[in-house]
Structures are given as structure tokens and as C-alpha cells.
Amino acid sequence: MRDREWLTRLYEEHSDAVFRYAARRLTNREDAEDVLVEVYTVAWRRRTVVPEQALPWLYRTAANTIAHVVRGDARRGRLHARLTAVTPLYSEDHLPDPDLGAALQRLAPADAEILRLWAWEGLEAQEIAAVLDISPGAARTRLSRAKARLREHFESGEEVGS
């Protein structure tokens, strides 16, 4: 039975990862904290459908919540929406290579996101598929293509898109 104990265990196991996921994609810590709260509120309400392997489900829920936050920001101003849609402006983790951050900004948002899921969140193709709600084959293909575009950028020194 999924009770408060279940939710507590779920939170203890995955809250740091979910917070980092949100913080890397939003402009400030407060928004990331709000997303974290919302994700676990949804998990509690939908506890009967949360899979045993919960982290990809939690990431997908966070992604949906983040999309809602970004849409709200867009209604409050175009400039703010443009800045937050391109790249995470707040992160407790610093990129080891500033060129990597610049390269991610130049990639198409979908390519940058799949690379972040793979590199920052440490997800495999099947887990990425669950987060993005696509097939594992599509996740492998998209990840491979995004890696190739990133590699092409570094080799040529030119901007890359999809």
C-alpha cells in the first residue's frame, strides 16, 4: 500500500535528483523548490500510477511542471521567457568546461535537453525515453544525433542546430 511512508521513502531517495533537474532548467532556486514540491504533490495524488522505477516518472512530472512555470513566465514578459527557454540560468553544479555550456546554448533545445538528461542526470536511453515520453529506440536515435551535432560543433567551431 502506498501511504505516507511510501512518499517519505520516495522523497528521501529522489528529491535531490529532482531538485537538481529543476534547478538546472530554471532561473532561480525558489522556482526549483516550487517544482520539487509540486512533483511530490502530484506523486501523492497519483500514487496508484507511479511506477516502481519512479525517477523517470518524477523527471517527466518535473518537466511538465517546469513547462507550466515557463509558460507562466512567458505571459509575464517576452524577454524573461526567451532567457529561460534557451538554457538553465541557475545551477548549483558548474559546468566543468565553459565551452560546453556555450555549445549547449547553440544546440536546438531538444538536443540540449536530451544531452542534459544523459550527461547531467546520468540517465540511460530507456529512462530518457520515459522522461520524454518517447520510445527507447527514438531516445537512442535522438541521443546519438545530439551527440553528433555537439561533436560537429566542437570540430568545426560553428554553431549547430537540428
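Is histidine 14 buried or exposed? Histidine 14 is buried, at a relative accessible area of 14%, where buried means under 20%, exposed over 50% and partly exposed in between, using a 1.4 Å probe and protein chains only.

A quick word on the model, everyone: it is predicted, so local features need pLDDT of at least 70 and side-chain atom pairs count only at pLDDT 80 or more, while totals for chains, interfaces and linings use all residues. Residues are numbered from 1 along each chain as its sequence is written, and side-chain values use heavy atoms, with hydrogens and water left out.

Back to our histidine. Histidine 14 lies in helix α1, residues 4-23 (helices are DSSP runs of H or I, at least four residues, numbered from the N terminus). Leaving aside residues up to four places away in sequence, histidine 14 touches Tyr40, Leu55 and Leu58, contact being heavy atoms within 4.5 Å.

Now to the rings. The whole structure holds 2 aromatic pairs; rings of Phe, Tyr and Trp (its six-membered ring) pair if their centres lie within 6.5 Å, with planes under 30 degrees apart stacked, over 60 edge-to-face and the rest tilted. Tyrosine 11 and tyrosine 40 are edge-to-face, because their planes sit at 70 degrees, with centres 5.1 Å apart. That pair joins helix α1 to helix α2 (residues 29-45), across 29 residues. Tyrosine 11 is partly exposed at 39%, whereas tyrosine 40 is buried at 7%.

Tyrosine 21 and tyrosine 59 are stacked, 4.7 Å centre to centre with 20 degrees between the planes. Tyrosine 21 is in helix α1 and tyrosine 59 in helix α3 (residues 54-76), so this pair ties together parts 38 residues apart in sequence.

Notes
Helices (H or I, at least four residues) and strands (E, at least two) are DSSP runs, numbered from the N terminus.
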